[in-house]
Amino acid sequence: MSFLWALIVGGIIGWLAGLITGRDVPGGIIGNIIAGFIGSWLGSTIFGSFGPVVGGFAIIPAIIGSIILVLIVSFIMRKMRGSHKHA
């Protein structure tokens with residue numbers, strides 16, 4: 001049950017990061033979950049674990065890390081699409 005809870009919280013974190021940045025996370029629900037998990041790891045690595053913890057995620061660093069991840073992924077996706085137009 002805790003794994004299911006972690007999937008739900010990870011998906012919500014990824015979804016919130018997409019809303020905050022105004023960019024869609026590629027891959028829909030699965031992409032949101034992945035962005036939440038990787039973003040949480042990134043945020044806790046950079047900022048440590050502080051604030052409330054839900055489903056094993058320190059919420060504040062997880063959201064910040066997910067925002068960073070969404071921005072990086074959207075930048076890379078935009079560059080890749082731009083390079084295919086000229087080919």
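Modeller: Accessible areas here come from the Shrake-Rupley method with a 1.4 Å probe, and for residues only the protein chains shown count as cover. On that basis the chain exposes about 5500 Å², of which carbon and sulfur atoms supply 74%. This is a predicted model, in which local features need pLDDT of at least 70 and side-chain atom pairs count only at pLDDT 80 or more, while totals for chains, interfaces and linings use all residues. Residues are numbered from 1 along each chain as its sequence is written, and side-chain values use heavy atoms, with hydrogens and water left out.

Colleague: How many helices and strands are there in the chain, and in what order do the elements run from the N terminus?

Modeller: Helices (H or I, at least four residues) and strands (E, at least two) are DSSP runs, numbered from the N terminus. The chain has three helices and two strands, and the elements follow one another as α-α-β-β-α.

Colleague: What span is expected for α1, and how far does the helix reach?

Modeller: The expected span of a helix is 1.5 Å times one less than its number of residues. With 20 residues, α1 reaches 28 Å from its first C-alpha to its last, close to the 28 Å expected at 1.5 Å a residue. After α1 comes G22, whose phi is positive, near 75°.

Colleague: Is T21 buried or exposed?

Modeller: Buried means under 20% relative accessible area and exposed over 50%, with partly exposed in between (1.4 Å probe, protein chains only). T21, which has its place in helix α1 (residues 2-21), counts as buried because its relative accessibility is 16%. The buried residues of α1 also include A6, V9 and A17, and in the chain as a whole buried residues make up 36% of the 87 residues.

Colleague: Which backbone oxygen lies 2.9 Å from a polar atom of the T21 side chain?

Modeller: A polar contact is a pair of N or O atoms within 3.5 Å; within protein, one must be able to donate a hydrogen and the other to accept it, and residues adjacent in sequence count only if both atoms are side-chain atoms. The backbone oxygen at 2.9 Å belongs to A17, and that of G18 lies 3.3 Å from a polar atom of the T21 side chain.

Colleague: Which residues does T21 touch, not counting those up to four places away in sequence?

Modeller: Contact means heavy atoms within 4.5 Å. By that criterion T21 touches I67, V70 and L71. I67, found in helix α3 (residues 59-85), is in turn in contact with A17, I20 and T21, leaving aside its neighbours within four places in sequence.
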